[in-house]
Amino acid sequence: MFAAENGLKGDPRLQGISEAIRVVPDFPKPGIMFQDITTLFLDHKVFKDTVDIFVDRYRDMGISVVAGIEARGFMFGPSIALAIGAKFVPLRKPGKLPVFGSQVQ
């Protein structure tokens, strides 16, 4: 659905991305099909294609800060921020990271 809604239907990058994601049945409990995206990092082209899809969408939107929510956001956020010329801020539950205070503007 995401692909069709965002003009990605038929994008050849999607097949490689989909094939690179490992599906773990019944994890963490029966009936759940866990999508393990860490396997995307085993193939640099697939990882780049994944980041590029985000970059293509957000590059010209004037975004100055990308906030990455743990843990998947930590994996993709910095690469996306770097490519669009934005700052990156990791977000975790309160007390899990030091406070940045006024450092992020």
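**Helix packing and salt bridges in the predicted model**

The model is predicted, and local features require pLDDT of at least 70, side-chain atom pairs count only at pLDDT 80 or more, and totals for chains, interfaces and linings use all residues. Residues are numbered from 1 along each chain as its sequence is written, and side-chain values use heavy atoms, without hydrogens and water.

A salt bridge (a side-chain nitrogen of Lys or Arg within 4 Å of a carboxyl oxygen of Asp or Glu) joins Arg 59 to Asp 56, with the closest N and O atoms 3.9 Å apart. Asp 56 is likewise partly exposed, at 44% relative accessibility. By this rule, 7 salt bridges are counted. In another of these, Lys 45 pairs with Asp 49 at 2.8 Å between the closest N and O atoms. Because Lys 45 and Asp 49 lie 4 residues apart in helix H3, about one helical turn separates them. Asp 49 is buried, at 10% relative accessibility.

A salt bridge also connects the side chains of Glu 70 and Arg 92 (3.4 Å, N to O). This pair links distant parts of the chain, 22 residues apart: Glu 70 lies in the loop between strand E3 (65-69) and H4, and Arg 92 in the segment after strand E4 (87-91). Helices (H or I, at least four residues) and strands (E, at least two) are DSSP runs numbered from the N terminus. Glu 70 is partly exposed at 32% relative accessibility, and Arg 92 is partly exposed at 37%.

Definitions and conventions: Buried means under 20% relative accessible area, exposed over 50%, partly exposed in between (1.4 Å probe, protein chains only).
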